Amino acid sequence: MKTPRIGFVSLGCPKALVDSERILTKLRAEGYSLVPTYQDADLVVVNTCGFIDAAVEESLEAIGEALRENGKVIVTGCLGVRESEIRARHPQVLKVTGAHAYEEVVEAVHEHLPPLHDPFVDLLPPEGIKLTPRHYAYLKISEGCNHRCTFCIIPSLRGNLVSRPIGEVMAEAERLVAAGVKELLVVSQDTSAYGVDLKHRTDFWGGRPLKTRFYDLAKALAELGVWVRMHYVYPYPHVDDVIPLMAEGKILPYLDIPFQHASARILKLMKRPAAAENILSRIAEWRRICPELVLRSTFIVGFPGETEADFEQLLAFLQEAQLDRVGCFTYSPVKGAAANNLPDPVPEAVKEERLARFMAAQAEISASRLQSKIGRRETVLVDEVVEEGAVARSRADAPEIDGQVFIDGATHLKVGDWAEVIFEEADDHDLWAHLADH
């Protein structure tokens, strides 16, 4: 009997990527083979994103392409909560499920492409199926979010915060490290709220009691001897407790904090749990404790009601905060978001003009911070080897979203290698380096 073959399209954020990995791991354990083309697949699963309008359109187009090229398509992911919208455009999809509905997706696959009776479970690696390179992996610690930011529909897509017990998270992290992973990227919708829903209850890892909370998780992950990078961290007061771990070299001196704005008035309209004035003093204190700290953030310009004065406040915050890595988006109405009903929308032309000014200001800051690294010696992690040399990342660089380190001529290195380099050039985003003499 022929092995049933699955094609998989994974869209959206790293949290969705982890969902895809879990579904694929389950299917692979049941004897399905995974193929890279529509033509070779007996059925295609599309894991969608539904966060902003552009992502919705990309997901709908991906579903359409899968239907054209293959014909048998199951849809899952964040856009799945809008089944009527999917079926209006693509009535022939076999099944639609919501975000992190692993069992429902697998059941739908069983229904439309039954598994073999004798699956080759021994072919499944202990770390499961991964969609990232072998040397790094995303570690998802929770689902959902308890905040109700007016521009966001994540809670309606993924529900309230549901944290994984810390023992389960640590067991997965151990498996990943044993399989060769050298960098764990901790992700969730709200990483610093980890364990709040469980009242930080005690769980066990290797017979040791551990509380299910942000600090204890960071401290435990530090014991695994790999890079640990924290993403999606809201700046609650207890985040301060983790900075000394970074200063001691136990986890990477890197925080990804989505500030979104700096005007108190706009933050209130956004319903963001943050105060910009307090943040500046805390950033100064974090850097005093850990001078190597790298801060990455995202911002929205052109939010309904944003005045030129609000925007100028944001530019002033950028200058004061001197963030290392920054992403910025113009406000885009998301179907179902409360912000759509706010008065005083900002004209598109003004949004784009503010975005250009924002990015120009940040480019100068980023370039200046990178210039300060020239001459410094650091350990980097190799992601790719090309004709000209190796492409790596420093401690300051998360995959896909931050900069890269180009090592000319280092073609003897392999993907996943550590390399000691000395930085010699920089632009607004990336660094060039040569291998350090040992």
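Mentor: The model is predicted. Start with Cys78: its closest cysteine sulfur is that of Cys49, 6.0 Å away, which is too far for a bond. A disulfide requires the two sulfur atoms to lie within 2.5 Å. Across the whole structure, the search finds 0 disulfides. Cys78 is buried, because its relative accessible area is 7%, and the cut-off for buried is under 20%. Cys145 also counts as buried, with 6% relative accessibility.

Now the helices. Helix 2 covers residues 53–69, 17 residues in total. From its first C-alpha to its last, helix 2 reaches 24 Å, close to the 24 Å expected at 1.5 Å a residue. Its buried residues are Ala55, Val56, Ser59, Leu60, Ala62, Ile63, Gly64, Ala66 and Leu67. Among the elements covering them are strand 3 (43–48), strand 4 (73–77) and helix 3 (83–89). Just after helix 2 comes Gly71, with a positive phi of about 100°.

Helix 6 can be read the same way. In helix 6 the buried residues are Ile166, Gly167, Val169, Met170, Glu172, Ala173 and Leu176. Their cover includes helix 1 (14–29) and helix 7 (214–221), together with strand 6 (136–140), strand 9 (183–187), strand 10 (202–205) and strand 11 (208–211).

Technical notes
Residues numbered from 1 in each chain as written. Predicted model: local features only at pLDDT ≥ 70, side-chain atom pairs only at ≥ 80, totals over all residues. Heavy atoms only, no water. Buried < 20%, exposed > 50% of the residue type's maximum accessible area, 1.4 Å probe, protein only. Helix = DSSP H or I, 4+ residues; strand = E, 2+ residues; numbered from the N terminus. Contact = heavy atoms within 4.5 Å. Expected span 1.5 Å × (residues − 1).
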